[in-house]
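This report accompanies the sequence and structure displayed below.

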Amino acid sequence: MTLSTRIWALHLAVLAALLAGSVLLPAYHQTNVAKVMVLATYAMGYNIAFGYTGLLSLGHALFFGAGLYGAGLLVQHAGLPAGPALLAGILAGGAMAAAVGLLALRTQGVAFMIVTLMFAQAGYLTILYNTAWTRGEEGIVIAREARMLFGHDLSADLPRYLAAFALFAAGLVVKLWLVRSPTGRVMIALRENEERSRMLGYDPYARKLAALVISGLYAGAAGAAYGLLFGYVGASLASTQYSILPLLWVLLGGAGTVLGPLVGALSMFYLIDYSSAFTTASLLVVGVALVLLVLFAPRGILGTIRERWLKWLP
Amino acid sequence: MSFGPFLLLALMEGMVTSAVLALAAVGLSLVFGIMRVVNVAHGEFFMLGAVSAWFVSQWVPGPPAVAFAAALILCPLFVGAIAALADMVVLKRLNYEPEATIVATIGLLYILQQAALSFYGPDARPVPAPFNFRVQLPWFGYSGYKIAVVAASALVLLGVWRLLAKSRVGLIMRATQYDRETARAFGINVDRVYAGVFALGGGLAALAAVLIVPIQQAHYLMGTDPLLLSFIVVIIGGLGSLRGTVIAALLIGLSDGVISTFFAPTLAKIVATLLVALVLVFRPQGLFGRRAL
């Protein structure tokens, strides 16, 4: 088996397993895994910026929120159907990432983190400020009639699972293709040594901006899908916590691995789900996980596996 | 009330905000200046100061003034000890690598927030002020306690400045800031300096919180606003510049007081956060600083 076949076989097998979940999983877990797949799509986008290009952003909630509200507000106030609203959400995420990137990418490292954090905070406050449209913290509940895609009711379990799967599968395939393409190689080169890639003739600013916009498109798609699939568009989904969560999932699963975001989001979701049986301290789980990860496993689950055993893992 | 006195009231409220903000921001600025650590958990040290002040006010019998005096001493020490512990157990082992420390302090933020929620609960609770008298101005009466807060903050800032500029401890801190390796070669225990600076930063945030808690109740989520405002102040003032930090605290506190009185507070915050992002993009050394972030 050649390397390329092996890589594609592994990723298609993961997708096949997720697809099998649509018939094998009981209803409760089906809803959970659908949610995890949407959030993992968000984390895959985060991984393209952070894991592959080395851009540690603390403001991705702004892009997720742009998709969420871009789709949600159009459905709610303009009566747009779910399909075009989804597209609008994706574009809103990309456009927001381009706007933020144009300014924020003039800075580096810690300054980049704080600038993105501040932009996201300004976006969150803007949502709260325009309560008349967004209904602030309380949020908008999208009616069932508005959540129809190609004649399928997205509020029902099976169509929702399949829609989340389609989103995740598309994201995964594009990402796998991207990171193994020449463009992806340049992204990794920028992460490893920006000066050397500049010397080789690549424009770091333009390349980083492109990576951030792709990342924003993913975040926007995940945000729009989240609103349409689960019927809720609220300010808490655009708060700082939603910038931290994809960072946590990517760190846990393995930064710079294609499947890492899925592994991270899935394990974190079920860790909190199971721990909620005997403690309500979910914030503690998140906090302790972050501290332990940076201290003892900075490469995450798949990063460690790649380092020890599977050197070929993309 | 006519416009003039109304503006005066807004400015006086702004002074109180500035005073507390300056203390919290100087703590953040010291930690960044000397250790080069961006402490995202700084707001939670502030929150812990307020929450522990409530516990002290419950445990210490006698008049409120006694309990308050006890809180003023005990709470910064308690929070400082937690900060020193966090530095020794977590940050030191990360070798103060910038991105790893930010992720770790985000983790610390959630841990402290959850600890406060579990042991203190979700309610906002007041702490009685040590004294109650009103200063009667021709147009309105004003709380004497708030004026005392401004005075106390000014005294503490003066103390911090003296500590840094005139004392042997300050000399050691500045030497460590200037060149960590050379300081170590001269026999300075850099690990202990770092733990001490992190404790001092946390302690200053806690002290600010104890001062504000009779005016604003203690709550487990109260750390977010001071964190963002401190970041804003430290960035606008220039990271690691004490004078710049104090000037920026005055600027931000006073304008926050005026804008919040005459316009919506949320709008004031949006403008402030965007301003900071743009300052960082176009003038990374801050308005008064000399070094870039």
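In which hand, left-handed or right-handed, does α2(B) cross α8(B)?

## Crossing of two helices in chain B

The model is predicted. In it, α2(B) passes α8(B) in a right-handed crossing. Helix α2 of chain B spans residues 42-59 and helix α8 of chain B spans residues 190-212. Their axes lie 7 Å apart and form an angle of about 50°; the two helices are therefore oblique to each other.

On the side of α2(B), the contact is formed by His42(B), Phe45(B), Phe46(B), Gly49(B), Ala50(B) and Ala53(B). Helix α8(B) contributes Phe198(B), Gly201(B), Gly202(B), Ala205(B), Ala206(B), Ala208(B), Ala209(B), Val210(B) and Ile212(B). Classified by type, the residues of this contact comprise 11 nonpolar and four polar ones, with no charged residues.

Gln113(B) is located in helix α4 of chain B, which covers residues 98-120. Its relative accessibility is 8%, so Gln113(B) counts as buried, the cut-off being under 20%.

Leaving aside residues up to four places away in sequence, Gln113(B) touches Glu44(B), Met47(B), Tyr220(B) and Leu221(B), as well as Leu283(A) of chain A.

## Confidence in chain A

The average pLDDT of chain A is 88, and 99% of its residues score at least 70. Among the elements of chain A, helix α10 (residues 204-230) has the highest mean pLDDT, 94, whereas strand β2 (residues 148-149) has the lowest, 75. Where pLDDT is low, predicted coordinates should not be read in detail.

Methods. Residues are numbered from 1 along each chain as its sequence is written. Chains are lettered from A and ligands numbered from 1 in the order in which they are written. This is a predicted model: local features need pLDDT of at least 70, side-chain atom pairs count only at pLDDT 80 or more; totals for chains, interfaces and linings use all residues. Side-chain values use heavy atoms; hydrogens and water are left out. pLDDT is the predictor's confidence in each residue, from 0 to 100. Helices (H or I, at least four residues) and strands (E, at least two) are DSSP runs, numbered from the N terminus. Axes are lines fitted to C-alpha atoms, for helices over the stretch in contact, and angles run from 0 to 180 degrees between N-to-C directions. Angles under 35 degrees count as roughly parallel, over 145 as roughly antiparallel, 65 to 115 as roughly perpendicular and the rest as oblique. A crossing is left-handed if the near helix is turned anticlockwise from the far one by less than a right angle, and right-handed if clockwise. Contact means heavy atoms within 4.5 Å. Ala, Val, Leu, Ile, Met, Phe, Trp, Tyr, Cys and Pro count as nonpolar, Asp, Glu, Lys and Arg as charged, and the others, Gly among them, as polar. Buried means under 20% relative accessible area, exposed over 50%, partly exposed in between (1.4 Å probe, protein chains only).
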